[in-house]
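Hi there,

Here is the structure I promised you. Please open it in your viewer and keep it beside this email while you read.

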Amino acid sequence: MSKLPAVFQQLRFPVIASPLFIISNPKLVIAQCKAGVVGSMPALNARPAEQLEEWLIEITEALAKHNRDHPDQPAAPFAINQIVHKSNDRLEHDMALCVKYKVPIIITSLGAREDVNAAAHSYGGVVLHDIINNKFAKKAIEKGADGLIAVAAGAGGHAGVKSPFALIQEIREWFDGPVALSGSIATGGAVLAAQAMGADFAYIGSAFIATEEARAAEEYKQAVVDANSDDIVYSNLFTGVHGNYLAPSIRNAGLDPDHLPESDPSKMNFGGDAKKAWKDIWGCGQGIGAVKAVVPAADLVARLKREYQAAKAHITA
């Protein structure tokens with residue numbers, strides 16, 4: 001078993017909802033946490049930057065009230081995602097607010113920095129860093145991250161190309177801390193499979209796009225419901241980093257999803273241009289064939305829990 005920090009010990013179900021650029025908001029995060037999974041959102045979703053403090057107050061107060069009203073079913077902790085890349089000129093401001101409000105979990109992406117990890121550790125926060133291979137995993141832990149998010153093939157948005165079997169196996173040869181697995185997980189059976197491979201948590205994003213609380217266009221939500229893995233395109237055109245996207249949104253933008261040019265990785269940007277790109281080009285993972293309707297986040301989590309128990313029962317039968 002992994003050595004899990006105390007913050008995860010109140011988690012009733014081994015799922016972390018991944019931060020969805022533009023889409024995740026306090027309403028979704030609160031619903032996820034109340035349902036018993038770690039809710040998360042990118043700090044950059046709060047625009048202007050001053051809005052982040054309002055959102056952190058809203059989330060912390062709502063979860064504290066829930067815990068007072070339901071001491072037998074406490075909410076899961078929440079996480080804030082920080083883009084640790086030179087194009088993010090808000091990082092210092094946003095981390096200062098995370099420290100002020102003692103955000104339980106910080107998820108770092110696109111770069112590992114010791115000062116960011118130290119800031120989280122200053123109040124007892126836990127840092128999970130997302131990685132796409134074993135080399136980056138070792139760098140993240142060397143720089144002070146507490147755990148890893150293994151982003152395997154098929155994950156929505158920015159994603160790697162490694163099989164989850166290979167990625168988890170290589171990480172577990174040397175690391176016994178918390179590991180979440182990302183990549184096409186949208187059923188309770190897949191959550192159990194992630195644990196069987198050696199992960200502590202499943203990291204689920206795309207399925208939450210098709211929830212009532214998600215801040216996504218209705219057309220986007222319906223596209224997730226209607227699509228399957230055949231509709232996912234892997235490209236680095238839109239942000240300079242390879243990721244998975246819904247083909248219908250690429251066609252709607254006047255591009256041919258089967259013949260996309262390569263982008264220059266040095267043009268990677270997470271400012272206004274990226275927000276515009278991700279508003280029009282819809283990130284999504286390969287697991288969405290399991291998503292059949294737009295539902296409240298609590299209903300999605302309830303389905304995952306039912307399927308998880310059924311998969312367990314099937315294996316032990």
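This is a predicted model: local features need pLDDT of at least 70, side-chain atom pairs count only at pLDDT 80 or more; totals for chains, interfaces and linings use all residues.

In general, strands of a sheet pair through backbone hydrogen bonds, and they can do so in a parallel or an antiparallel way. Here, 8 strands make up an open sheet with parallel pairing, and their order is β1-β9-β8-β6-β5-β4-β3-β2. At the edges you will find β1 (15–17) and β2 (39–42), each of which pairs on one side only. From one strand to the next, the twist averages 25 degrees.

Helix α2 (residues 51–69) packs on this sheet, where it touches β2 and β3 (78–83). The direction of α2 makes about 160 degrees with that of β3.

Next, have a look at two helices. How do α7 and α11 cross? The axes of α7 (residues 188–197) and α11 (residues 297–316) come within 6 Å and cross at roughly 60 degrees, so the two helices are oblique to each other. Their crossing is right-handed. On the α7 side, the contact is made by Gly188, Gly189, Val191, Leu192 and Gln195. From α11 come Leu304, Glu307, Tyr308, Ala311, Lys312 and Ile315. Sorted by type, the residues of this contact are 6 nonpolar, 3 polar and 2 charged.

Enjoy exploring!

Best wishes

Definitions and conventions:
Residues are numbered from 1 along each chain as its sequence is written. Side-chain values use heavy atoms; hydrogens and water are left out. Two strands pair if DSSP finds at least two bridges between them. Helices (H or I, at least four residues) and strands (E, at least two) are DSSP runs, numbered from the N terminus. Axes are lines fitted to C-alpha atoms, for helices over the stretch in contact, and angles run from 0 to 180 degrees between N-to-C directions. Contact means heavy atoms within 4.5 Å. Angles under 35 degrees count as roughly parallel, over 145 as roughly antiparallel, 65 to 115 as roughly perpendicular and the rest as oblique. A crossing is left-handed if the near helix is turned anticlockwise from the far one by less than a right angle, and right-handed if clockwise. Ala, Val, Leu, Ile, Met, Phe, Trp, Tyr, Cys and Pro count as nonpolar, Asp, Glu, Lys and Arg as charged, and the others, Gly among them, as polar.
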